[in-house]
Amino acid sequence: SSGINAEYGDALFKYIKRIKDEGVNENRWQENKDIDNIMFKFKEKESAADYASLISSRMARVEDPRDYLNPPSRRHFNRTLEEEIMSFITPQNMNMYISSLKFSLESPNQYGPTLDKVEEWYSTPYSALIPLL
């Protein structure tokens, strides 16, 4: 495929391949955990209803919901689990969403494809692109 979706997809999967080839870097994992801790500590207040809705939808997708409720500081590095997760990140399992005001209703341009479909409820133009493979 060509265009913006292929450029982003190619860059993403080249980086993922590099991580898979080199192995998961524990130092980088720890840096991400530290950032998550900071975000957790300084999270802005939100309504109780919004928070309950968000948490319940996410908890439905984890094996043990208590794991989701643990703050980032309780997470531990598990190379086997990280590598298993990486094995699922493939072009076949990907759904990419790209948004731009520069997409055209008329014809393809350097920013992406023609928006050739219209969403039924909000009349938003869009294009369903071909797979990255």
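Buried means under 20% relative accessible area, exposed means over 50%, and partly exposed lies in between (1.4 Å probe, protein chains only). At 34% relative accessibility, Leu 12 therefore counts as partly exposed. The model is predicted: local features need pLDDT of at least 70, side-chain atom pairs count only at pLDDT 80 or more, and totals for chains, interfaces and linings use all residues. Residues are numbered from 1 along each chain as its sequence is written, and side-chain values use heavy atoms, leaving out hydrogens and water.

**The chain as a whole**

- The chain holds 5 helices and 2 strands. These are DSSP runs, numbered from the N terminus: helices are H or I with at least four residues, strands are E with at least two.
- From the N terminus on, the order of elements is α-α-α-α-α-β-β.
- Of the 133 residues in the chain, 16% are buried.
- The accessible surface of the chain is about 11,100 Å², and 54% of that belongs to carbon and sulfur atoms. Such areas come from the Shrake-Rupley method with a 1.4 Å probe; for residues, only the protein chains shown count as cover.
- Contact means heavy atoms within 4.5 Å. Take the contacts between residues at least 6 apart in sequence: 58% of them join residues at least 24 apart.

**Confidence**

- pLDDT is the predictor's confidence in each residue, from 0 to 100. Its mean for the chain is 79, and 80% of the residues reach 70 or more.
- Among the elements, α2 has the highest mean pLDDT (89). Helix α4 (residues 65-69) has the lowest (65).

- A nonpolar core is a set of buried Ala, Val, Leu, Ile, Met, Phe, Trp, Tyr and Cys residues joined through side-chain atoms within 4.5 Å.
- The largest one here has 5 residues: Phe 13, Ile 16, Ile 19, Val 24 and Met 86. Helix α1 gives the largest share of this core, 3 residues.
- In soluble globular proteins, nonpolar side chains tend to be buried together.
- Ile 16 touches Met 86 and Ile 89, leaving out residues up to four places away in sequence.
- Leu 12 also sits in helix α1 (residues 4-22).

- Val 24 lies in the loop between α1 and α2. With a relative accessible area of 13%, Val 24 is buried.
- Beyond its neighbours within four places in sequence, Val 24 is in contact with Ile 19, Phe 77, Arg 79, Glu 82, Glu 83 and Met 86. Glu 83 is 59 residues away in sequence, yet its C-alpha is 6.9 Å from that of Val 24.
- At the start of α2, a side-chain oxygen of Asn 25 comes to within 2.8 Å of the backbone nitrogen of Asn 27.
- Helix α2 (residues 26-41) has 16 residues, so at 1.5 Å a residue it should span 22 Å. The expected span is 1.5 Å times one less than the number of residues. The end C-alpha atoms of α2 are 22 Å apart, which agrees.

- Ser 87 is in helix α5 (residues 79-87). Ser 87 counts as partly exposed because its relative accessibility is 42%.
- Ser 123 is in the loop between β1 (117-118) and β2 (125-126). Its relative accessibility is 52%, so Ser 123 counts as exposed.
- Ser 123 has a positive phi of about 55°, though it is not a glycine.

Definitions and conventions
Polar contact = N/O pair within 3.5 Å; in protein donor to acceptor, adjacent residues only side chain to side chain.
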